[in-house]
Amino acid sequence: MISREPTIERLGLARELLLTPFGLDESHLSRALAEIRAHRVDDADLYFQYTRSEGWSLEEGIVKTGSFSIDQGVGVRAVSGEKTAFAYSDDISEASLLDAARTVRSISAADKVGRARVASKKIAKSRSLYPHIDPIASMDSTDKVRLLERAEQCARAKDPRVVQVMAGLASEYDVVLVARADGLMAADVRPLVRLSITVIAEQNGRREVGSAGGGGRFGLAYFTDEQIGQYVHEAVNAALVNLESRPAPAGEMTVVLGPGWPGVLLHEAVGHGLEGDFNRKGSSAFSGRIGQRVAAKGVTVLDDGTLADRRGSLNVDDEGHATQRNVLIEDGILKGYIQDAMNARLMGVKPTGNGRRESYAHIPMPRMTNTYMLGGDKDPQEIVASIKKGLYATNFGGGQVDITSGKFVFSASEAYWVENGKIQYPVKGATIVGSGPESLKKVTMIGNDMRLDSGVGTCGKEGQSVPVGVGQPTMRIDGLTVGGTA
């Protein structure tokens with residue numbers, strides 16, 4: 001449900017943190033925006049942010065690092081046509097706000113100077129997807145250390161081959177306030193936590209690594225003994241599987257991707273190519289193809305920032321627009337792109353709630369939130385059993401994509417060689433190479449086990465990192481190129 005009520009409550013909290021301590025109120029924001037609009041611009045906004053973050057890490061049985069930081073500031077932006085002028089300051093004051101406003105308004109021609117009527121204030125519609133708590137304060141320091149120690153003890157007790165355990169706990173409390181030139185006011189309070197566990201297992205002089213973890217927009221109480229045990233099981237299992245792995249075969253073959261985190265391939269291979277800026281400029285492999293078939297029948301891809309408690313979700317994006325459930329590809333047909341305000345205006349469409357920025361010191365751009373593919377009707381075991389000779393990849397490391405060509409490269413961190421429908425042995429060193437648009441056309445079976453990742457994704461674009469989510473069901477793709485070491 002979208003309403004203005006949650007925004008009103010969050011605006012109050014944002015004012016207390018970001019305006020009142022610095023002698024500011026909403027009249028100062030209106031004045032700064034009026035300064036920008038004295039030169040005619042298409043759009044302008046102010047983005048205030050307060051971020052408190054904390055991290056703990058354990059290695060060799062002891063907590064080796066603990067960090068705590070507070071950052072706050074304001075970003076001021078003016079947009080004229082395709083041009084953006086941007087200034088930011090970690091000094092929140094009326095003087096720095098007005099200085100920044102006068103600086104960015106120079107993007108517009110000086111001969112267009114005129115009086116700007118102050119837009120009447122409007123409260124943005126918003127969602128309520130997560131609690132507005134401070135996760136750092138949701139557990140005391142002693143208990144945070146104990147949590148990491150429990151994770152380590154659990155991992156070592158799991159198998160005698162585990163020789164090293166590293167665990168990390170991160171918490172963030174983020175408060176943002178957005179004031180737009182059209183009078184729109186929005187605010188959000190964003191908690192974020194993550195627990196990560198990495199183990200090293202050794203057998204006959206061979207060492208292998210396994211990692212797992214998760215989190216989301218909630219407090220640290222989420223990490224119960226049961227949840228920690230699940231992460232430990234996954235990390236230890238991954239390391240032990242890799243101890244038995246053999247070099248991966250190479251060549252063109254059938255590849256079956258497991259559910260959940262392997263959706264990162266979808267994120268890279270397809271998601272980035274559907275971001276509005278690349279398509280407006282015509283540099284994406286998907287440019288100008290709305291209404292055309294870009295994937296096999298049954299392939300439906302969504303970007304959804306409205307999922308409760310998810311790492312990639314937002315109540316409002318970083319331009320003050322409520323997030324949405326955007327259908328990008330439906331049954332193989334391209335339906336739309338994800339948009340921020342500027343690209344939406346230039347393309348003659350509405351923003352989709354995907355304007356995101358790393359911090360007040362960065363400009364917003366169209367970015368993914370939670371990107372996933374809907375499930376089909378096939379049993380996952382049936383899909384694996386259908387492989388005559390090929391790869392079953394259940395976990396991935398890093399990957400990258402060339403937006404213009406759609407070509408991607410991915411490394412599988414956990415994968416198995418399959419012959420005649422039977423898993424033969426785990427393989428190591430498999431890289432999957434292909435073209436995003438072409439690989440989607442080669443999807444031949446879609447499982448009924450759609451799953452989202454555990455809450456670990458971070459996406460990079462043009463030097464900015466933001467938290468995201470991915471997901472997919474088990475999926476068979478025919479004729480992918482696998483680079484191996486065999």
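1. Let us start with a word we will need: contact means heavy atoms within 4.5 Å. By that rule, L147, R150, A151, C154, A155 and K158 of α4 touch D225, I228, G229, V232, H233 and V236 of α5. Sorted by class, this contact holds seven nonpolar, two polar and three charged residues. Here Ala, Val, Leu, Ile, Met, Phe, Trp, Tyr, Cys and Pro count as nonpolar, Asp, Glu, Lys and Arg as charged, and the others, Gly among them, as polar.

2. A word on what you are looking at: this is a predicted model, in which local features need pLDDT of at least 70 and side-chain atom pairs count only at pLDDT 80 or more, while totals for chains, interfaces and linings use all residues. Residues are numbered from 1 along each chain as its sequence is written, and side-chain values use heavy atoms, with hydrogens and water left out.

3. Now the geometry of that first pair. Two packed helices are described by the angle between their axes and the distance between the axes. Helix α4 (residues 141-158) and α5 have axes that come within 9 Å and cross at roughly 45°. Axes are lines fitted to C-alpha atoms, for helices over the stretch in contact, and angles run from 0 to 180 degrees between N-to-C directions. The two helices α4 and α5 are therefore oblique to each other; angles under 35 degrees count as roughly parallel, over 145 as roughly antiparallel, 65 to 115 as roughly perpendicular and the rest as oblique. Their crossing is right-handed, the term for a near helix turned clockwise from the far one by less than a right angle, with anticlockwise giving left-handed.

4. Helix α2 (residues 26-37) packs against helix α3 (residues 94-104) at about 20°, and their axes are 8 Å apart. That is why α2 and α3 are roughly parallel to each other. The crossing of this pair, α2 and α3, is right-handed. On the α2 side the contact uses H28, L29, R31, A32, E35 and I36, and on the α3 side E94, L97, L98, A101, R102 and V104. By class, the residues of this contact are seven nonpolar, one polar and four charged. Helices (H or I, at least four residues) and strands (E, at least two) are DSSP runs, numbered from the N terminus.

5. On a 1 Å grid over the protein atoms alone, a cavity is a set of points where a 1.4 Å probe fits but cannot get out, and a pocket is an open set with protein on both sides within 12 Å along at least five of seven lines; lining residues have an atom within 4 Å of a point. Grid points are joined across faces, edges and corners, and a volume is the space filled by probe spheres set on the points.

6. How many cavities of 30 Å³ or more are there? The count is two. The largest cavity has a volume of about 50 Å³, and its lining divides into nine nonpolar, two polar and no charged residues. Helix α6 gives the largest share of this lining, four residues. The second largest cavity holds about 40 Å³, with A269, F286 and D402 among its lining residues.

7. The largest pocket has a volume of about 1100 Å³. Of its 48 lining residues, S211, A212, E234, W261 and N395 lie nearest its centre. The classes here are 19 nonpolar, 23 polar and six charged.

8. Finally, the second largest pocket contains about 520 Å³ of space. It is lined by 29 residues, and E172, D174, L192, E358 and P467 are the closest to its centre. Strand β1 provides the largest share of the lining, six residues. By class, this lining has eight nonpolar, nine polar and 12 charged residues.
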